[in-house]
Amino acid sequence: MPTSTSEPLTGAPRPYDLAVIGAGPAGLAAAATAADLGLRCALVDAGRDTGGQYYRHPAPGLGATRPDRLHHGWSVYTGLADRLAAHRAAGRVDLLAGHQVWALERAGERDWRLHATTGPDAEDRATVRSAAVLLATGAYERQLPFPGWTLPGVVTAGGAQAMLKAGLVLPGRRIVVAGSGPLLLAAASSLVTAGAEVPAVVEATAYLGYARRPGVLAAVPAKLVEGAGHGSALLRHGVRLRPRSAVVEAHGTDRVTAVTVARLDADWRPVPGSGRRIECDALAVGHGLVPQIELATELGAATRTTPDGTAALAVDARLRTTVRGLWAAGETCGVGGADLAIAEGELAAHAVAGRPVRTALLRRRSRLRAFAELMAAAHRPGPAWTEWLREDTDVCRCEEVPAGRIREAVDGLGAGDARTVKLLTRAGMGWCQGRMCGPAVACLAGGGAVPGEARADSRPFSCPVPLGQLAAGQDDRD
């Protein structure tokens, strides 16, 4: 497979027909399809490789010869990568790896400027010009804090998979997998297959939400087969599934050594007396994914609230956002997995090119999007999860702001939303800019009974940017 690295842009910006931000499943499919249709494309990604988080590669120095064993649907990725390589060789696609886009600027009716950083120095910056932009930036994990969640050895469920895929290492030897959502089964299956002991998969829901719409399930048999495959792997390794339960505390000093698992009622309130201690040396925990949409909301793009309470971009049937010339595909439109992301990438590319779309593709996207909405509703967090928290539990780990201080800001100082809580407590002002704690802070501040139900944040920049690069960018405009 050809290398995915590229050099930063130099000289005058080169105009493209389409700039695709994000080289995961949606972005890869969009760039390859758009090039098939005759568009000249830039595929921009902060990583050194294509594939995004879903198709994360082992580090080159590890000498991995069978990356397909770490992934579901690896052949789909290699097919997209081969198409992209052919288009790159023909000059139809430029892959700009290592380019972190921090802002979008619309300079004219068909003149977008993507401002990117490629490193820490002032000269490590690039501007990409394009007539249209497709946002395929994926999602990040939603975390619900609990006592002990900042201990070493506590990682996200996706983080555990990333360690395995990229570094061929495990976060521990005896790993409890907990939270809510389909990622848990996939993560646990990967971990046990790689040799870890998983004493339990702790799922806060009971999976009964899927049974409410059997027609939607029947329309996506591949998803049922995939889930059955993960379940079979767990059964073979004797992994116990604990539904309607949650890790409500992690124990340890220098590292997690055990967790307390409690049964939950329908509102996710721990059932008194149901706590059970499980020894472990690692915990992989996550409660679904949050669409990464900052670049669009900075421009005022409209959002919608998905069934699990997160904010996703509002798009029409052709995947156009409410900002003219800006399209979106994949998780930015609502989390739904790689198959849906690829279908939407292809659909968006046809829309940008002004070409008709095959009916089969439209139907496939419709079936997969319906399943995504069902999945989100089935794993929607319950409103009483905050009862896991003690007053001294850090909610914002960057600024070390405990739950008690946030409640004091709300109950004692009259803060009624996450923005006011941020001003009074510094919750959300750290390095991650609220990506880890934002949904929890919004819930505690009364912004929504479900974490993430508050409006999508609008930030001036989507990632940290050195001042020298901002000054250099201003000089370009003057």
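**Rings and core**

A: Tyr 210 has a relative accessibility of 14% and therefore counts as buried (buried means under 20% relative accessible area, exposed over 50%, and partly exposed in between, with a 1.4 Å probe and protein chains only). The model is predicted, so local features need pLDDT of at least 70 and side-chain atom pairs count only at pLDDT 80 or more, while totals for chains, interfaces and linings use all residues. Residues are numbered from 1 along each chain as its sequence is written, and side-chain values use heavy atoms, leaving out hydrogens and water.

The structure contains eight aromatic pairs. Rings of Phe, Tyr and Trp (its six-membered ring) pair if their centres lie within 6.5 Å; planes under 30 degrees apart are stacked, those over 60 are edge-to-face, and the rest are tilted. The ring centres of Tyr 54 and Tyr 55 are 4.8 Å apart and their planes stand at 90 degrees, so this pair is edge-to-face. Tyr 54 is partly exposed because its relative accessibility is 30%, whereas Tyr 55, at 2%, is buried. Tyr 207 and Tyr 210 form a stacked pair, with 6.5 Å from centre to centre and 25 degrees between the planes. Tyr 207 has a relative accessible area of 23%, so this residue is partly exposed.

Ring pairs also join Tyr 54, Tyr 55, Trp 74 and Tyr 77 into a cluster. Over the face of Tyr 54 lies Lys 165, 5.4 Å from the ring centre; Arg 397 lies over the face of Trp 149, at 4.7 Å from the ring centre. For such a placement, NZ of Lys or CZ of Arg must be within 6 Å of the ring centre and within 35 degrees of the ring normal.

Nonpolar side chains in soluble globular proteins tend to be buried together. A nonpolar core is a set of buried Ala, Val, Leu, Ile, Met, Phe, Trp, Tyr and Cys residues joined through side-chain atoms within 4.5 Å. The largest nonpolar core has 43 residues, of which Phe 146, Val 259, Leu 283, Trp 388 and Val 395 touch the most other members. Apart from neighbours within four places in sequence, Phe 146 has contacts (heavy atoms within 4.5 Å) with residues including Val 154, Val 247, Leu 283, Trp 388 and Thr 393. A second, separate core of 38 residues includes Ala 30, Ala 81, Leu 134 and Ala 351.
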